[in-house]
Amino acid sequence: MSLEVIYVTRHGFRSNWVVDPKTGEYSTSIPSPTGIASDPELAGYGVAQSKELASHLTTLSPPIERIYSSPFYRCIQTITPTVCALAANGASSPETTKVRGENGIGEWYGMARFDHPSPAEPAVLKKLFDHYDDAYKPAIKPSVNGETLDELHDRTAYALHRIIEQCDREGVKAIVLCTHAATLIAIGRALTGRMPEDIAEEDFRPFTCGVSTFVRRGKENMETGVEEWEGPETRIPKVDWKGGRGVGGGWNVTVSGDCSFLSGGEERGWRFSGDESFDLAAGAAPSLDAGSGLGVVVEGKKTQSTSLSPSRL
């Protein structure tokens, strides 16, 4: 048996944080559990979203057998209720209730003139989340010097190639990835093999805690002989995913950004703006919400009534 389905979700509403684009200093009004200002936890509303997400993910077929997440706190926190629900439902393998922290599907910070933020180390995350798999070795880590848009897509494609390879070896049918807005769009493009001419095209829908489903076309055309990543600050190994080819034999998107199970519906979507850095235009604010400084927030369809109040506090 080989991997057939990939579910992809974005973290829930997070606490706010800002970056000074002149100095590269990140700050937040609410301390992060990891001690890293650019690594906020979920807001209360995001916690509620994560529970609704878990209720939905445990109903999907085929069922989730492996969990991969960006190692940033908000993503692990988002997927944690799903881990608990899978465990309560009697997961078939201990590996199903572990979170594999994959830096290759981590956040994108553009081409900043300062160091690219990194998540906490596995030992720290293990203390915060018992189910964090501190033995897992990520396929690739983004450069601390920042990334262009092309580099974001290519490192995401490489990470996906290695994740798919691993899951094929382990004989699992379905997995879930928990990631960030920009990376979710890059994941959709790398899996389907479609890179739009306009980088800002709204081709995938990264609403908070929404779910997209990708079904494999087959593994006959899966690329072999891809070079291994050689370590931090080395080049991204080439994966031939563009032109409709897609990573791992190619995938079709069957569900894009489904939020029907969320009380608040489609919220805080995002798209690329085409910018690759936090450079300030004349008269711009001295600090930026780093979640919107490189893109455009897109509001979707909200439910008419909800018991939840969309606040980031």
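This is a predicted model: local features need pLDDT of at least 70, side-chain atom pairs count only at pLDDT 80 or more; totals for chains, interfaces and linings use all residues.
Helix α5 is followed by G193, a residue whose phi is positive, near 85°.

Helix α5 itself contains twelve residues. From its first C-alpha to its last, α5 reaches 17 Å, close to the 16 Å expected at 1.5 Å a residue. The helix is mostly covered, with twelve of its twelve residues buried. Among them are A181, L184, I185 and G188, as well as R189 and T192. What do these buried residues pack against? Their partners are the strands β1 (5-10), β6 (174-179), β7 (211-216), β8 (251-258) and β9 (269-272), together with helix α4.

The pairing of α5 with α4 deserves a paragraph of its own. Two packed helices are described by the angle between their axes and the distance between the axes. For α4 (residues 149-170) and α5 (residues 181-192), the axes come within 9 Å and cross at roughly 65°. Angles of 65 to 115 degrees count as roughly perpendicular, and α4 and α5 are therefore roughly perpendicular to each other. The crossing in which α4 passes α5 is right-handed. On the α4 side, the contact is made by L152, H153, R155, T156, A157, L160 and I164. On the α5 side, A182, T183, A186, I187, R189, A190 and L191 take part. Sorted by class, this contact of α4 with α5 has nine nonpolar, three polar and two charged residues.

Helices α1 (44-57) and α2 (73-88) pack at an angle of about 40°, with their axes 8 Å apart. They are therefore oblique to each other. Here too the crossing is right-handed, as α1 passes α2. In α1, the residues V47, S50, K51, L53, A54 and L57 meet Q77, T78, I79, P81 and T82 in α2. By class, the contact of α1 with α2 has six nonpolar, four polar and one charged residues.

The loops hold details of their own. In the loop between α1 and β4 (66-69) lies P62, and the peptide bond leading from S61 to P62 is cis, with omega near 0°. Further along, T96 is placed in the loop between α2 and β5 (99-101). Is T96 buried or exposed? At 3% relative accessibility, T96 counts as buried, since buried means under 20%. Leaving out residues up to four places away in sequence, T96 touches I64, E65, R66, I67, L86 and A91.

Two residues other than glycine have a positive phi and can be viewed side by side. E233, in the loop between β7 and β8, has a phi near 65°. R268, in the loop between β8 and β9, has a phi near 45°.

Terms used
Residues are numbered from 1 along each chain as its sequence is written. Side-chain values use heavy atoms; hydrogens and water are left out. Axes are lines fitted to C-alpha atoms, for helices over the stretch in contact, and angles run from 0 to 180 degrees between N-to-C directions. Helices (H or I, at least four residues) and strands (E, at least two) are DSSP runs, numbered from the N terminus. Angles under 35 degrees count as roughly parallel, over 145 as roughly antiparallel, 65 to 115 as roughly perpendicular and the rest as oblique. A crossing is left-handed if the near helix is turned anticlockwise from the far one by less than a right angle, and right-handed if clockwise. Contact means heavy atoms within 4.5 Å. Ala, Val, Leu, Ile, Met, Phe, Trp, Tyr, Cys and Pro count as nonpolar, Asp, Glu, Lys and Arg as charged, and the others, Gly among them, as polar. The expected span of a helix is 1.5 Å times one less than its number of residues. Buried means under 20% relative accessible area, exposed over 50%, partly exposed in between (1.4 Å probe, protein chains only).
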